[in-house]
Amino acid sequence: MGRGRVGQLSPAFPAAVTPQLFVRCDNARVIYLDHAATAPPEPRVVEAMLPHLTERFGNPSEPHALGRQARADLDAAREEIASLVGADPSDVVLTGGGTEADNLAVLGRAQGQPGRMVVSAIEHPAVRRTAEVLARRGWEIAVAPVLPNGRLDLIELWDLVQTGDALVCVMGASNVTGVVQPIADIAAICAEHAVPLHVDDVQTAAGAELDLSDLPGRVTIALAAHKLGGPRGVGAVIGTGVQSLDPIVFGGGQEGGLRSGTEDVAGAVALAAALRIRQGAQAPAERVRRAALRDDLEARLALPVVGVEVERLPGHALLLTGYRGDTVVRLFDERGIAISAGSACASGETLPDATLTAMDIHGDAARSAIRITLGPTSTAADVDAVVAAWTELAPALQLATEASA
Amino acid sequence: MIDLSRAGAVARPDGEGRAGGGRCNDRVRFTLGLVGDRLEQVRFGADACAATTAAAAWLAARAEGGLLLDAARLGLAEVLVGAAIEPAGVDCALTAVDAFHASIGDAVARGAVVSADPNRVVVAMSGGVDSAMVLTQTVAEGYEAVGVTLRLWIDPEAPSPERACCAPSAVRAARDLCHQNDMPHIALDLRDDFRAVVVDPFVAGYAAGETPNPCTTCNGAFRFDAIDRAVQRLGASTWRTGHYVQLVDHAGTPLVARGVDATKDQSYMLALVDPEILTRVQFPLGARKKVDVQHEAAEHGLAAAKALESQEVCFLGGGALAPFLERQGVTMTPGPIVDEDGVELGTHAGALAFTPGQRRGLGVSRGTEALHVLRIDAPANTVIVGTVGRLRRREVSLRDVQVRADTPRIDACFRMRSTPVAGRLEHGPNATATVYLETDAHQIAPGQVAALYDGECIVAAGIVVG
């Protein structure tokens with residue numbers, strides 16, 4: 001094999017990446033309203049990362065020109081990521097995804113003797129299951145409850161947090177309900193007790209402004225690029241708390257020793273590009289637009305909305321349909337509309353979602369939840385399609401349910 | 001696509017079936033509207049997951065407009081393909097299939113009549129290996145074989161509910177086999193009737209200190225009647241079972257005769273079956289050995305070949321008699337165990353669970369003699385015991401005597417596969433009779449069935465009075 005020429009795409013690589021690529025499935029247009037599960041790739045992000053997957057492929061640790069170029073690209077991406085969330089570039093650790101970021105932020109404070117941690121009742125499994133592992137290793141895990149509206153009970157939290165705790169974990173915004181937590185207040189409580197705070201902002205970053213610059217104490221956040229229109233397998237832990245973490249992955253000492261492994265420059269560039277869209281100057285107007293669509297959808301469906309009393313992510317709606325959530329999801333899917341259910345069925349048993357249980361929503365109500373999440377690509381026509389599908393389905397579902405008794 | 005256009009219920013259904021509950025609490029209900037034996041309307045209700053709902057909707061669409069017997073051919077395998085059910089949804093789809101077949105069975109139970117076909121043979125299926133082989137053989141002979149299984153009893157509190165014959169898994173096994181052969185299967189839910197005709201008299205008999213034989217009642221007065229009625233509705237003139245018995249013609253009356261395999265002979269259980277019904281029944285296994293049938297079943301890959309064999313009283317569900325009777329509301333009160341002179345030898349936890357002849361579980365002794373239960377005095381809650389010699393009988397009184405053929409000499413059996421005792425039968429008034437035995441018989445208890453043979457054939461039968 002001869003040396004591949006640098007600077008040219010191989011002929012097999014698609015010459016152009018068109019937006020249509022991302023909204024077609026089985027050759028039928030899909031109305032994609034499951035942005036909280038993963039966001040459709042942003043063409044601008046794909047475009048930004050492509051050169052780093054092809055000609056700019058160097059290893060940032062190498063001193064030659066390609067390596068120096070890659071290092072410069074990585075540094076630039078890191079600086080942009082930091083500035084977009086109000087952090088210092090040296091407080092950015094790139095990881096292989098959101099789950100790994102949460103694992104680093106939690107396990108990175110648990111490498112010594114077992115101690116105590118406070119974890120909210122509505123955490124994503126990336127935090128909750130990690131805390132369960134620590135509990136089996138002798139850690140005391142205190143669970144911070146939420147109010148029925150989905151917000152953390154701050155009075156309870158104040159009583160729960162003890163000076164000397166290794167960490168407090170709170171999800172910035174719930175991937176289930178979209179409810180946004182009062183992070184400034186929570187950070188103040190943690191700082192008062194001199195306890196580090198980790199905020200899982202994987203969902204938050206897609207729809208709310210992130211600004212770490214004003215938060216007191218040692219704070220980390222977790223991000224994932226794919227929720228923002230970027231690729232899978234790219235995440236980050238960011239914040240002042242990064243400096244006091246211990247590594248959980250060992251090797252060449254990249255990312256300040258906190259995440260060994262040859263850096264994913266394309267991923268870093270993609271995360272920066274995605275954050276630029278979701279956190280940059282155009283983002284506030286887009287959030288307002290999306291919230292208006294969501295509010296219109298909720299008003300027209302006239303179903304109970306979870307967390308409606310408090311601040312939610314702008315495109316996020318968790319609705320109690322009164323029918324089996326997974327059946328509704330399937331019926332929407334058959335009508336070309338992709339949404340998700342609030343609870344998952346596993347081996348013959350529908351498991352109530354932990355977040356809904358924590359909000360005192362149980363049984364048939366919890367099982368009837370559907371999640372509709374809008375994104376930057378969502379339009380008024382999408383909302384019309386959902387309303388039309390529901391108008392068609394609801395009477396038949398009511399007949400089916402009534403006739404089952 | 002889940003077709004919800006048949007969601008709802010038929011206002012005055014000709015058949016209705018439900019299934020569901022369990023851990024995921026899915027609920028499915030089918031209602032049928034029949035014109036003749038055509039399913040004019042099939043409606044479903046579902047408060048269920050996507051897979052269950054999809055299966056129910058597909059079944060309704062597939063069955064509507066077709067014939068009842070064709071609907072009875074629709075099995076799980078076809079539903080999984082037709083409704084595109086993922087592997088994780090198989091159990092969910094099964095809930096819909098169960099409800100659908102319950103509605104078909106109910107339509108037949110409510111009197112739906114299928115047009116007659118001389119090539120149709122009903123096979124009574126228990127879910128076990130014997131009836132499975134009869135079905136396989138009947139299909140091989142070129143008949144349209146319609147499997148019929150009776151749902152008789154569910155006692156979830158029994159130690160092993162699935163050991164009861166006609167348990168849900170047995171019904172499914174029979175249904176699956178029919179569907180593998182592209183044959184219809186009908187499950188008739190006769191739980192209420194079974195309780196009234198078989199279980200309640202069994203419990204009442206024990207409560208009165210008798211030792212009733214429920215299997216003979218079930219076959220003689222219940223199961224054969226129920227299936228024979230269904231056979232006529234299903235447009236068949238002949239039906240088959242997997243019993244190890246033969247039929248012998250006696251001046252135009254079919255007599256039940258012992259099966260060739262003496263170790264599996266079931267003729268005693270059929271002693272009370274109406275001869276008029278027997279004119280329509282065939283017993284293909286009567287001339288065969290069980291071991292050969294089992295081999296052949298294994299060769300055919302019949303899953304039922306390994307199924308549990310129900311040998312005991314099926315509705316006890318693998319448990320002991322006393323806890324069953326208590327579950328049925330019979331109170332067990334401790335009382336005395338006495339000998340025939342009234343000398344108290346010990347106490348029992350409840351007289352009603354004892355059977356004459358029983359030796360184990362008494363916990364009393366008198367010198368070195370082995371003591372057996374001689375009889376139960378139910379009103380006095382007393383168990384009377386004595387030596388084995390006191391159990392010997394030469395004279396047995398019968399009630400409800402049915403005579404198929406008058407013969408001066410008989411061989412009497414008082415339980416399944418017991419050694420026959422030669423004697424003669426002397427009739428009394430009002431269907432009573434007395435059996436005079438030539439040698440001693442043991443362990444004869446009131447309530448048992450006496451099957452009276454002439455050689456291999458049952459010529460008369462009655463219930464032991466004392």
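Good morning. Residues are numbered from 1 along each chain as its sequence is written, while chains are lettered from A and ligands numbered from 1 in the order in which they are written. Because the model is predicted, local features need pLDDT of at least 70 and side-chain atom pairs count only at pLDDT 80 or more, whereas totals for chains, interfaces and linings use all residues.

Let me begin with the domains, whose bounds come from an automatic or database domain assignment. Chain A has domain 1 (52-279) and domain 2 (283-402). Their centres, taken over C-alpha atoms, are 28 Å apart. Domain 1 of chain A brings 21 residues to the contact and domain 2 of chain A brings 22; two residues are in contact if their C-beta atoms, placed from the backbone, lie within 7 Å. On the domain 1 side, 10 of these residues are nonpolar, eight polar and three charged. Here Ala, Val, Leu, Ile, Met, Phe, Trp, Tyr, Cys and Pro count as nonpolar, Asp, Glu, Lys and Arg as charged, and the others, Gly among them, as polar.

Chain B is divided into domain 1 (4-109), domain 2 (120-242 + 284-316) and domain 3 (332-390). The centres of domain 1 and domain 3 of chain B, over C-alpha atoms, are separated by 54 Å.

Next, the contact between the chains. Chain B contributes 21 residues and chain A contributes 17. Which elements of chain B give two or more residues to this side? They are β2 (26-35), β3 (38-47) and α1 (50-63); helices (H or I, at least four residues) and strands (E, at least two) are DSSP runs, numbered from the N terminus. The most comes from β3(B), with five residues. By class, the chain B side holds 12 nonpolar, three polar and six charged residues.

I turn to the sheet. In chain B, five strands form an open sheet in the order β6-β5-β4-β7-β10, with parallel pairing; two strands pair if DSSP finds at least two bridges between them. At the edges stand β6 (185-189) and β10 (281-282) of chain B, each pairing on one side only. Strand β4 (residues 120-124) of chain B runs parallel to β7 (residues 238-240) of chain B, and three bridges join them. Within β7(B), R240(B) is the bridge partner of V123(B). Helix α8 (residues 214-233) of chain B packs on this sheet, touching β4, β5 (144-151), β6 and β7 of chain B.

Finally, two helix pairs. Axes are lines fitted to C-alpha atoms, for helices over the stretch in contact, and angles run from 0 to 180 degrees between N-to-C directions. The axes of α7 (residues 191-207) of chain B and α8(B) come within 10 Å and cross at roughly 155°. Therefore α7(B) is roughly antiparallel to α8(B), a term for angles over 145 degrees. In this contact, F194(B), V197(B), V198(B), P201(B) and F202(B) of α7(B) meet P214(B), T217(B), C218(B), A221(B) and F222(B) of α8(B). These divide into nine nonpolar, one polar and no charged residues.

In the second pair, the axes of α1(B) and α4 (residues 90-109) of chain B come within 7 Å and cross at roughly 35°. Among the residues making the contact are A55(B) and L59(B) of α1(B) and A96(B) and F100(B) of α4(B). By class, this contact has nine nonpolar, two polar and no charged residues. Thank you.

Notes. Angles under 35 degrees count as roughly parallel, over 145 as roughly antiparallel, 65 to 115 as roughly perpendicular and the rest as oblique.
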